[in-house]
Amino acid sequence: MRKMGIIADWWHSIRGSSPDDWLEELELIETESKRLYLKKIAIDTVLNFVARIMSTATFRLTGPDSNNREWDYILNVRPNLDMSAAFFWQQVFYRLLFDNEVLVIFTEDNQLLIADGFVRREYALYEDVFEGVRVKDYCFQKSFRMSDVIYLEYNNCGLEEITKGLFKDYNELFGRMMEVAMRNNQIRASVTVDVTGTTNEKGDAEGKTRSQRLQGFIDKIYESFRTNSVAIVPKMKGFEYEEYTNKTQVSNQSVEELTNLKKSLIDDVSRIIGAPSALIHGELSELEHNIKALRRICMEPLVKKLEDELNAKLFQKTQVVSGNRLEVWGVLPYDLAEMAAQIDKLVSSGAFYVDEIRNELEYDELPNGEGKKIIRTKNYEETEGGEKK
């Protein structure tokens with residue numbers, strides 16, 4: 001009986017030989033599934049979530065030199081010729097979270113540029129120096145001192161280093177789950193052909209042998225079953241097609257398991273960054289609790305890092321002593337309507353000035369000192385012997 005296709009070539013190559021002659025030539029192929037997009041999805045989902053929130057920041061100068069409109073324009077409107085302020089700060093914090101550090105240089109024509117590459121020279125008694133600073137395809141020939149740049153650091157080690165082994169394990173697991181799912185949904189069938197007697201390999205008018213014509217017919221049937229929702233083929237004597245997929249008991253892999261694995265990747269990155277994974281997944285349960293956790297655990301430390309660095313680099317020591325400050329506002333702001341009752345209690349009890357509450361909520365103080373008066377309602381007046389004074 002004549003075998004066809006790849007099996008036929010293999011069969012004829014080993015006929016008449018001992019298994020010892022060809023078994024060693026067989027390669028047992030082992031492949032390690034590389035699902036690099038899983039890592040990209042998890043990291044981009046979490047880091048862009050945090051970076052987008054930080055891009056809503058508004059920078060306000062307070063103190064004697066607060067009328068510096070140049071810095072107000074650079075920080076809040078257009079840091080450089082190619083980026084808006086929101087996109088610029090999103091890129092800054094994405095780079096900070098991913099690379100564990102970010103360098104921003106200030107050019108002679110008053111632009112803030114994010115460095116794509118640099119070498120940091122550290123010194124014990126002098127300020128560090130940055131050399132080989134590269135922005136896109138341009139490399140600066142000059143070096144930059146620490147006092148002349150904006151430099152932020154995040155953790156002790158970068159996200160890439162932390163997640164390297166973690167994602168390797170996840171990639172292998174996800175790859176094997178995908179292979180199982182694909183095998184479980186694979187169409188398996190056999191074709192029985194009656195080829196008893198001589199196998200005439202003489203070519204026809206088109207130069208095709210009997211085996212080639214039969215192989216072409218089988219290919220057409222397979223393509224019809226694979227692509228058409230309804231497939232009808234002629235039933236021929238000596239030719240049978242039998243499918244086993246729906247007859248055998250297979251444990252179909254649920255797509256939900258693959259989805260859950262991708263979610264667990266995001267959860268791991270979220271824990272590293274300090275962002276509640278429920279918010280990133282869009283879950284609405286315990287929304288207020290998660291927002292509060294995001295603000296305190298993730299956003300406030302980032303805002304503090306940025307404020308400290310900008311105040312150190314934008315002002316001289318004498319200016320800071322004189323009361324000049326740069327404050328970062330507008331990152332994950334409070335909902336005033338939801339806090340109305342708490343605000344009323346804090347002010348009406350006389351525990352805080354109105355201006356103190358307004359500062360916490362990132363609002364300007366009231367004019368003419370109106371916000372620096374103690375307000376106490378009758379419910380909070382002192383009593384003596386059970387009666388009001």
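Me: Buried means under 20% relative accessible area, exposed over 50% and partly exposed in between, with a 1.4 Å probe and protein chains only. So are Phe59 and Trp89 buried or exposed?

Reply: Phe59 is buried, and Trp89 is buried too. Keep in mind that this is a predicted model, where local features need pLDDT of at least 70, side-chain atom pairs count only at pLDDT 80 or more, and totals for chains, interfaces and linings use all residues. Residues are numbered from 1 along each chain as its sequence is written, and side-chain values use heavy atoms, with hydrogens and water left out.

Me: OK, what's the average pLDDT of the protein?

Reply: The average is 79, and 69% of the residues score at least 70. (pLDDT is the predictor's confidence in each residue, from 0 to 100.)

Me: Where is the confidence lowest, and where is it highest?

Reply: Helix H2, residues 19–22, has the lowest confidence, with a mean of 44, while strand E3, residues 112–114, has the highest, at 97. Residues 17–33 have a pLDDT below 50, and beyond near neighbours in sequence that stretch makes seven contacts in the model. Residues 248–252 are also below 50, with four contacts of that kind. (A contact is heavy atoms within 4.5 Å.)

Me: How many helices and strands does the protein have?

Reply: There are 13 helices and 13 strands. (They're DSSP runs numbered from the N terminus: helices are H or I with at least four residues, strands are E with at least two.)

Me: And how much of the protein is buried?

Reply: Of its 389 residues, 33% count as buried. If you look at contacts between residues at least 6 apart in sequence, 63% of them join residues at least 24 apart.

Me: Back to the rings. How many aromatic pairs are there in the whole structure?

Reply: A search of the whole structure turns up nine. In Phe59 and Trp89, the ring centres are 4.8 Å apart and the planes sit at 35 degrees, so that pair is tilted. (Rings of Phe, Tyr and Trp, using Trp's six-membered ring, pair if their centres lie within 6.5 Å; planes under 30 degrees apart are stacked, over 60 edge-to-face and the rest tilted.)

Me: Which parts of the chain does the Phe59 and Trp89 pair tie together?

Reply: Phe59 is in strand E1 (residues 58–62) and Trp89 in helix H5 (residues 85–99), so the pair ties together parts 30 residues apart in sequence. Another tilted pair is Phe130 with Tyr151, so called because the ring centres are 5.1 Å apart and the planes at 50 degrees. That one links distant parts of the chain, with Phe130 in strand E5 and Tyr151 in strand E8 (residues 149–153), 21 residues apart. Phe130 and Tyr151 are both buried.

Me: Why does Phe130 count as buried?

Reply: Because its relative accessibility is 0%. Leaving out residues up to four places away in sequence, Phe130 touches several residues, including Leu103, Phe118, Val149 and Tyr151. Phe144 is on that list as well; Phe130 and Phe144 are 14 residues apart in sequence and 5.1 Å apart in space, C-alpha to C-alpha.

Me: What about Leu125, buried or exposed?

Reply: Leu125 counts as exposed, because its relative accessibility is 77%. You'll find Leu125 in the loop between strand E4 (117–121) and strand E5 (129–135).

Me: Last one: what does Gln90 contact?

Reply: Setting aside neighbours within four places in sequence, Gln90 contacts Asn48, Ala51, Arg52 and Ser55. Gln90 lies in helix H5 and is buried, at 18% relative accessible area.
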